[in-house]
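Subject: Structure handover

Hi,

Here is the structure I promised to pass on. Please open it first, then read my notes below.

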Amino acid sequence: MGNLYHNKIAQWVVYVAFFAALAIIPNMVGDSFLLNQFATYCVYGMLALSISLCWGFGGILNLGQGIAFGLGAYGMAMTMQMQSQTESNPIPPFMLNNSLDYLPLLWQPFQSTLLGLILAVTVPTLFCAAFGGIMFRARVSGPFFAIMTLAMLSAFYTIILDRQAYTGGVNGLTPPSAFQFAGVEVDPYSPTAYWVVLFFLTGATFLAKLITQSSFGLVTQAIRDDSERVRFLGYSVAGYETVIYTISGLIAAVAGCCWVMLVQYVSPAQMDVGFSLSIVIWAAIGGRHSLLGSILGALIIQGAQSYLGDTFLATWLLILGGFFIVVVRFLPNGLASLLEVALGLLARPDPTSSPAPDGGRPLPAE
Amino acid sequence: MKITRRNILKSTAAAAAAVSLPQLWIPESSEAWGATLKKGEPIKVGLLFSLTGSLAVPEEDSALVMQYAIDEINKAGGVAGLPIEPVIVDAKSDFAVYSEKAKELILRDKVIALFGCYTSASRKAILPTVMQRDHLLYYPTCYEGAECTQNTICTGPLANQHSQDLIPFMVQQFGKRVFFVGSNYVWPKESNKNAKVWLEKAGGELLGEEYIPLSSSEFGPLLNKIRDANPDFIFSTVVGASDIAFHKQFKQEGFKVDKMPIASLTTGEIETRAMGAEFGAGHFLSAPYFQSLDTPTNQKFVESFLKSKYGKNGTTHYNMEETYTSAYVFKAGFEKAAAAVGFENVTPRIIRDHSGGIRVEDDVSPEGLIWIDENNFNTWLKPKIGQCQADGTFKIVKAAEKHVAPDPYSIYPDVGLCTKDGLKAPDGKIRKSVI
Amino acid sequence: MDLGSLLNALILGVSIASIWLIAALGLTIIYGTAGVINMAHGELIMLGAYSSYMLQFYLGLPYLLCLPASFVVVALVGLALERGLIRYLYSRPLDTLLATYGVSLVLMQGVRLIFGSDPKYLAVPEIFQSNVMLGSVSVSAFRIVVLLVTVLLVLALWLLFYKTRFGVQVRAVMQNKEMAAAFGINSGRIYMLTFALGAGLAGVAGALFGVLAIVLPTMGASYVVQAFLMVVVGGGSLAGSVVASGVTGEMQSVFAFFTNDTLARFIIFVLIVAFLRFRPQGLFAQSGARR
Amino acid sequence: MSGLLEIQRLSKSFDTTKVINDFSMEVVEGTVCCLVGPNGAGKTTTMDLITGRIKPTSGKIIFANEDITAKHEHLIARAGIGRKFQVPAVLRDMSVRQNLEVAYSRQTNPFRNLLKFHKPGLTAKLDEVATLAGLTGRLKERAGILSHGETQWLEIGMVLMQEPRLLLMDEPIAGMTESEIEKTARIFKDLRKSATLLVVEHDMGFVREIADVVVVMHMGSLLAQGSIQEIEADLRVRDVYLGEQEVA
């Protein structure tokens with residue numbers, strides 16, 4: 001029997017167990033602050049998942065995931081902002097301060113909640129498809145693509161800051177009341193909000209897991225390994241890269257929507273270079289080759305930041321930076337690889353055991 | 001969170017009695033501040049400032065002076081006989097962390113009030129939470145106004161107060177042609193709109209208006225434009241590290257302070273020290289407070305603060321002073337509320353409702369007497385104009401004779417008027433919270 | 001909007017270009033030679049500013065001597081960084097990017113712990129604090145200093161890389177590491193020295209930027225993305241970075257002249273992305289085997 | 001009868017150096033064609049040109065009556081040309097089985113593959129190829145740990161999994177033992193029944209064994225073309241190429 005870490009059934013068991021554990025949290029936690037915080041962490045987990053999918057499995061390092069996240073978040077915030085406008089005051093207050101006395105065209109679709117939500121998810125996704133398509137066709141890859149995403153992120157950041165009348169500038173958007181959908185108000189502190197986020201996280205994770213185990217996943221991993229070689233097998237490398245980059249963007253956009261639902265706020269800070277880099281840090285520390293590892297990476301780092309950050313006030317960034325260096329240097333596959341090694345040791349002592357019925361085939365590097 | 005029915009009834013009744021107005025807003029989620037104060041336990045307040053990151057420069061000082069003020073109040077017997085206990089968190093200069101920490105302070109630590117934020121962006125980030133929990137934020141710095149909530153008390157100058165004296169003074173002293181420069185965000189743009197009103201009244205002429213990206217330190221193109229326009233003075237709302245680069249490059253590009261001084265709303269003692277006094281000397285600042293203010297209260301404040309363990313930065317400035325007075329506004333508001341509804345029934349909202357008209361007298365407030373407006377809960381104060389001297393201190397060249405009223409919607413009369421129950425539109429409708 | 005103002009803008013463009021270039025020089029050397037994307041470059045710039053501050057404040061060193069001194073101090077830091085971390089990661093370019101980001105966090109917070117988060121300033125001689133009139137055009141004396149230092153450094157680097165034995169070795173290693181090793185060139189040593197050199201250049205840039213703007217633990221962050229773009233647009237070669245900085249510096253100045261600074265930045269970002277779409281290898285790609 | 005692959009007056013220059021100079025040849029369906037020539041003659045460059053890795057300066061490449069000159073690599077591969085590289089290129093971080101599975105590229109559309117877990121015919125084909133390549137016992141291993149010979153076999157296996165009409169083999173037997181070479185020759189001859197092969201090889205013994213047609217390149221141009229006997233009798237070929245071999 002090989003390493004249990006690579007066992008497909010064991011993996012699914014762990015995934016199901018993990019989400020079952022997340023699902024009982026609302027029953028365990030009576031504290032609405034904690035629940036809201038957990039939900040926020042789940043959003044970060046979703047982001048780490050999206051990076052794991054695109055970088056860990058597709059080999060595309062994306063330092064600009066804030067673009068998809070931010071665009072999704074802005075779309076959601078615009079929708080929520082418009083929900084709190086009424087017939088008598090149809091224009092968000094910050095626009096009046098910016099001398100706009102009509103609702104700009106950009107904002108009009110968001111008067112409809114459904115249309116707003118659709119736009120919040122499709123716009124970032126289409127952007128990723130277009131940007132990725134253009135870049136990957138030009139065979140921009142590796143560090144170059146990473147730098148391109150940085151440049152694009154900075155461009156978005158700059159323009160959102162500048163077009164204050166439409167975006168609220170550096171202050172961002174602060175929809176004053178909770179999100180309402182189909183007549184139900186989703187109080188960000190309620191279990192409902194948590195369920196919504198958990199639903200999307202679970203959905204995204206299982207979708208991602210299925211994708212990585214499908215033929216598509218196999219090809220993207222081959223591309224990560226040696227993109228040049230894969231071309232000669234008849235696969236359009238640019239096509240595969242664009243699709244996985246776009247799916248990753250889609251997940252980030254959904255995460256952006258969830259985030260705004262929870263914090264009722266978005267600002268250009270979500271499109272700051274630092275935030276996008278920290279998403280990469282979560283995935284790297286957790287283990288970018290493992291979807292679950294990445295999610296856990298986000299939970300661990302953000303949890304530690306919230307709880308240890310105040311204890312080690314001055315040294316927190318020092319600790320985080322140092323930890324990150326150590327992980328990159330010695331554990332390039334993150335904390336998940338510790339488990340892989342440990343389970344590998346467990347499997348080793350008994351080399352004579354009979355092979356598993358299915359041949360125990362190694363899985364896409366999980 | 002546990003809310004017993006009795007509790008709700010009690011606080012609702014108490015609050016309703018206190019303000020005796022029909023439509024008192026109880027948030028739908030009705031999870032408003034769910035704690036009660038107990039005799040013998042300290043009163044917890046949250047200090048929500050950035051202690052690390054790029055915003056730490058102004059905010060760390062605010063956190064320190066706030067702790068100093070709390071110590072001072074506690075030594076003098078506390079609030080309503082009880083000591084204040086500060087819960088200090090670090091917002092890490094990250095607006096998302098502000099939001100998270102605000103929730104933590106309100107929901108977890110159950111503080112009775114928040115003191116914090118410096119930038120408008122951080123304030124906007126936490127306001128939805130503060131409003132939904134019907135909580136209370138003391139916002140101790142200047143801001144642009146155009147906001148009307150039931151949950152904030154601001155002790156700094158609003159945009160309408162800030163430049164009211166400065167612009168006419170500059171026009172009179174140096175000439176009527178002016179160039180506006182600001183960082184590219186809401187506060188400078190709003191401040192400039194107000195300044196334009198005063199400029200028009202003073203008969204001035206606006207030659208240009210330019211905004212610089214927030215973190216930018218490249219002022220070459222802008223200074224070229226100013227050189228071409230050749231104004232009599234520059235009105236600046238550039239903030240932070242950018243502001244320091246601006247003053248330095250102003251001098252390096254050969255501009256002369258006596259020919260074309262910068263009249264700023266931000267460049268105070270801290271900034272001057274950071275850039276080196278030779279770059280700051282000669283320029284003007286409008287603020288309600290200067291370290292050099294020659295009153296016994298201020299001298300005592302400066303001396304004892306700098307001697308205390310919180311005074312390690314060696315300076316006091318307007319932002320710190322506004323934070324300091326906010327502690328006394330809180331003390332007075334709390335005591336007034338406790339006297340009205342009984343100690344254990346005090347909630348953040350009740351404190352706010354009792355804070356209208358609260359005065360911080362000459363013998364406490366380093367900047368001199370201030371009071372809280374009964375309608376919009378901003379502060380009546382006297383803006384002063386200081387000129388930076390060669391040693392980095394400011395000489396006060398003009399002080400307002402009368403207190404200036406805060407008016408968050410002064411340039412938006414069409415939008416409405418901020419009343420204690422919310423924004424009253426011209427058609428008479430009231431919206432409880434507009435941010 | 002007369003011709004004189006436009007001329008002013010064009011001359012200012014040269015100065016902006018020199019600032020962008022000096023920020024990117026060290027990165028160019030490091031990336032061009034070893035293929036390392038050093039995310040801590042901004043923090044090395046910041047260290048340069050702080051070492052100048054320290055030397056000036058504690059030892060009373062005159063400003064002009066602070067420039068070479070900062071070079072040495074930061075070069076030593078770079079050397080330690082290369083020996084302690086980077087050399088283990090040469091085969092993993094994406095991981096060096098990440099590890100150096102970790103380094104940048106550590107450096108930034110370390111400096112904050114030591115010096116506090118309040119800004120420091122560098123004192124410079126009075127003659128640098130004013131402007132010079134060249135006909136009708138006014139130029140800040142210190143901008144001329146920055147330009148001169150940049151030109152000198154570019155010349156020195158050109159001589160170093162194209163006229164010395166060391167330069168030949170560097171180029172040999174860039175072309176083909178194994179082949180170079182066969183000729184007795186120790187590529188590890190070459191990488192180490194170029195990394196230290198690149199770090200030192202960042203140190204000089206920091207000592208200059210501390211005068212133009214402000215000395216803060218976070219000051220490096222604003223330069224790093226820009227510097228990267230210069231290197232990538234230039235293709236990782238010295239000439240490429242010079243041309244890329246020159247063109248973008250002028251564009252920044254001219255666009256800012258016609259519109260405003262924020263919009264100018266946005267346009268440049270978009271143009272860079274569009275440019276790299278059509279020329280992903282950059283202006284003057286190194287002839288090395290890297291792809 | 002026209003060839004499956006026709007190369008017409010192909011030229012390729014790098015900067016000022018002409019690497020391929022007015023080179024024409026054709027490969028007839030169902031044959032094994034060997035491309036030989038001294039080092040630097042342009043054999044691998046020709047492979048690169050056929051598979052679209054580089055684009056020619058002038059000339060045309062026709063495959064199955066279709067002009068593939070300007071096409072992308074993956075489209076050429078889909079048209080039915082599989083390639084084994086000179087330096088064996090396998091996916092080193094993936095298992096042997098995964099290597100073969102990826103190469104089974106009947107469905108290349110990313111959307112169709114997105115949630116596809118079962119590929120019809122894969123198991124049978126994989127068993128067949130693995131047996132042929134002698135890798136049945138190694139399927140679970142990471143490709144990176146294989147020996148050089150095994151890596152060669154794996155890449156040949158990958159090309160076979162593609163089921164191309166034309167197989168380009170760049171030095172397929174480098175690093176193989178005598179017995180492995182024999183086996184390779186046998187397989188190649190078998191393959192002729194279902195496919196066409198273009199093999200670049202230095203080992204004249206091997207060429208003699210398998211070639212139906214031999215094409216000799218020199219300095220980027222066609223030097224000679226014909227059966228192995230004709231080529232070995234050709235004096236020009238002896239001069240530039242075979243001579244060296246005999247000495248060595």
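One caution: this is a predicted model.

I started with helix 11 of chain C. Its buried residues are C:Asp261, C:Thr262, C:Ala264, C:Arg265, C:Phe266, C:Ile268, C:Phe269, C:Ile272, C:Val273 and C:Leu276. What covers them? Within chain C, the cover includes helix 9 (221-234) and helix 10 (238-258).

Next, the contact between chains A and C. Chain A gives 36 residues and chain C gives 34. On the chain A side, helix 6 (113-137), helix 7, helix 12 (273-286) and helix 14 (316-330) each give two or more residues. Helix 7 of chain A has the largest share, with 15 residues. By class, the chain A side has 28 nonpolar, five polar and three charged residues.

Chain D has no contact with chain C; their closest C-alpha atoms lie 13 Å apart. Chains B and D have no contact either, and there the closest C-alpha atoms lie 35 Å apart.

Last, the core. The largest nonpolar core has 430 residues. Among those with the most contacts inside it are A:Val260 and B:Leu114. Helix 11 of chain A (residues 237-263) gives this core its largest share, 20 residues. Leaving aside neighbours within four places in sequence, A:Val260 is in contact with A:Ala73, A:Met76, A:Ala77, A:Met80, A:Tyr265 and A:Val266.

Best wishes

Terms used:
Residues numbered from 1 in each chain as written. Chains lettered and ligands numbered in written order. Predicted model: local features only at pLDDT ≥ 70, side-chain atom pairs only at ≥ 80, totals over all residues. Buried ≥ 20, exposed ≤ 12 C-beta atoms within 10 Å, placed from the backbone. Helix = DSSP H or I, 4+ residues; strand = E, 2+ residues; numbered from the N terminus. Contact = placed C-beta atoms within 7 Å. Nonpolar A, V, L, I, M, F, W, Y, C, P; charged D, E, K, R; others polar. Core = buried A, V, L, I, M, F, W, Y, C linked by C-beta atoms within 7 Å.
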